[in-house]
Amino acid sequence: MTLHIEIPEETFGSILAKAFRNTAFVAGFVITLLILAMAIISYVWTPYDVTKLVISDKTQAPSLAHWFGTDHFGRDILSMVMVGARNSIAVALVAVGIGMGVGVPLGAFAAARGSLVDEALMRLNDLVFAFPALLSAIMITAIFGPGAVNAIIAIGIFNIPVFARVARAGALAIWPREFILAARAAGKSSTQISIEHVLPNIATLLLVQGTIQFALGILAEAGLSYLGLGAQPPMPSWGRMLFDAQTRMVVAPWMAIFPGMAIVVTVLGLNLLGDGIADILDPKSRRQR
Amino acid sequence: MTVYLLKRLTIAIATLVLASIVVFAVLEILPGDPARLMLGMNASADQVELLRNQMGLNAPLPWRYLHWAGGLLSLDFGRSYTYSVPVIDLVRERLAVSLPLALIALALSTIIAIPVGLFSASRRGRAGDTVAMGAAQLGVAVPNFWFALMLIYVFAVWLRLVPAGGFPGWGAGLWPALKSLLLPAVALALPQAAILARVTRSALIEVLNEDYIRTARAKGLPYRAVLWRHALRNAMIPVLTILGLQFAFLLAGTIIIENVFYLPGLGRLVFQAITQRDLIVVESVVMLLVAAVIAVNLLVDLSYAVVDPRLRSRQ
């Protein structure tokens, strides 16, 4: 006896309607969009020039002229937060790209081949996971020189095993399905099947993991640039601004408050977005951390 | 069970050996000659060569690896280039700060997260759950070093309750030493607690839907007893996994926090050693941390068996 269950067809419209009812998704989407807009606007306009030092305006408290106050060189904190957003987003986004670009094919390949290849790749994953990510990122940037590019590489490398694991787990669940068998019977190679049938089916998983790693990348970049290993001055970065703020906490606490809030809001937005997407596309999915 | 244990143990040891080869190889291909670095720019080529011989830098590569790895096993890490003391002494001194810090942070995070997770799971979907999980969502987003700066501002600068940084040493007495570890521990613990609370909640919700929970309730056990004795215990596996990961993170993750608070811990030691190219210190500390991560993960694997009797009978 077979059991037939009608599953309502999910159309783009129905998913969109579901998305707008999901508070986490809407909040995350709006926040992420605002931060992105802020970064893009900073290319054409900022309230003040972030490269111009106005010593007579140094460490001014927030006011109408300077909403977030000024730093020890008289630079406008709001303008620096805006420009800093570019750096954070660029580093985290490219690092996610590296992780996906290398990790997903590796994971999909491991799932397609199975046995020895799979075992070897997973043990390699264990090896990378055994190194504390932050410590290794610090080593990489310290050894190859500080800067945004090396920060991207350092963060990107540790995204690779994460995506490999997610892609492998997702692909393993897809492989026993009937439509894969059909594709096999049609004579498709395992590479073809992976690209045409497996990848589209694990795209949601990867998207959700992508937003999580994006958020973690923002935090990691902030940590590295706080230690002086990220983007170099005069390019403003949120982590570097916090470093500059630390010794001036008594006279100018706003120097620490606003860049930190920028990090919190960005990461919060991305996490909410990820939660929302996971909820909408698969109510049963749980986030992996 | 024994087969399972042996397999985990073999994998752990193999990972450790591979990791040591990676660490050795990476530091080997680095630019910069340690002998030249120690002697300074004015040293002659002959002097550098003499020191290289003394330090054993001219021996063949595999031999040097074995010598180094053997030294690690017997806890002989060599001498620091910059401090001119045995690395093991440095590590011991710094571990006396970092280990208590990591343990206090882990304890704090667990004490906060498990009750919050229980609270949220048992009031799923209600106002209390929404507020708690909203706070957790916020906690996950806060970078611990920024949180640390805010804590310094409130508790050290404003209220003057605790020092803003530095460490008096355990010789100064238990309370002054603990007091200077308090803010760093809180700064480390809160973001971790947020993650742990979320994991605890979702693991509990999953367990609370199980049949045996209904059975336990049906036989008349009070809700509290079911929650603590049956549900929590069964939800422990994901919680333990995260705890293990967090301990490993806390040991290394203190690098930034130790920099914020000027604590003479392992993280600051390795950070300074990296910037000073004191490779012996770097490789020793990195290997120690990697070994700690692997050991903790192994312990977590073993603890699954303790928590879940079903895993004991299965092999």
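What share of the contacts in chain A between residues at least 6 apart in sequence join residues at least 24 apart? The share is 69%, where contact means heavy atoms within 4.5 Å. This is a predicted model, in which local features need pLDDT of at least 70, side-chain atom pairs count only at pLDDT 80 or more, and totals for chains, interfaces and linings use all residues. Residues are numbered from 1 along each chain as its sequence is written, chains are lettered from A and ligands numbered from 1 in the order in which they are written, and side-chain values use heavy atoms, with hydrogens and water left out.

**View 1. The two chains, A and B, as C-alpha traces.** Chain A has 10 helices and zero strands. Chain B has 14 helices, again with zero strands. Helices (H or I, at least four residues) and strands (E, at least two) are DSSP runs, numbered from the N terminus. Along the principal axes, the trace of chain A spans about 80 × 45 × 30 Å. For chain B the spans are about 85 × 60 × 35 Å. Of the 289 residues in chain A, 52% are buried; in chain B, buried residues make up 48% of 315. Buried means under 20% relative accessible area, exposed over 50%, and partly exposed in between (1.4 Å probe, protein chains only). In chain B, residues 24 or more positions apart account for 71% of the contacts with a separation of 6 or more.

**View 2. Helix H10 of chain A.** H10 covers residues 254–281 and has 28 residues. From first C-alpha to last, H10 reaches 40 Å, close to the 40 Å expected at 1.5 Å a residue. The expected span is 1.5 Å times one less than the number of residues. Because 23 of the 28 residues are buried, H10(A) is largely enclosed by the rest of the structure.

**View 3. Helices H3 and H8 of chain A.** H3 (residues 77–113) and H8 (residues 190–226) have axes that come within 8 Å and cross at roughly 145°. Axes are lines fitted to C-alpha atoms, for helices over the stretch in contact, and angles run from 0 to 180 degrees between N-to-C directions. Residues of H3(A) that meet H8(A) include A:Ser88, A:Val96, A:Met100 and A:Arg113. Among their partners in H8(A) are A:Leu206, A:Phe214, A:Ile218 and A:Glu221.

**View 4. The nonpolar cores.** A nonpolar core is a set of buried Ala, Val, Leu, Ile, Met, Phe, Trp, Tyr and Cys residues joined through side-chain atoms within 4.5 Å. The largest has 169 residues, and A:Ile138, A:Trp238 and B:Val260 touch the most other members. A second, separate core of eight residues includes A:Phe25, A:Val208, A:Ile277 and A:Ile280.

**View 5. Two loop residues, A:Arg75 and B:Pro264.** A:Arg75 is found in the loop between H2 (23–44) and H3 of chain A. A:Arg75 is buried, at 9% relative accessible area. B:Pro264 lies in the loop between H11 (236–260) and H12 (266–275) of chain B. At 30% relative accessibility, B:Pro264 counts as partly exposed. B:Pro264 and B:Phe167 are 97 residues apart in sequence, yet 7.0 Å apart in space, C-alpha to C-alpha.
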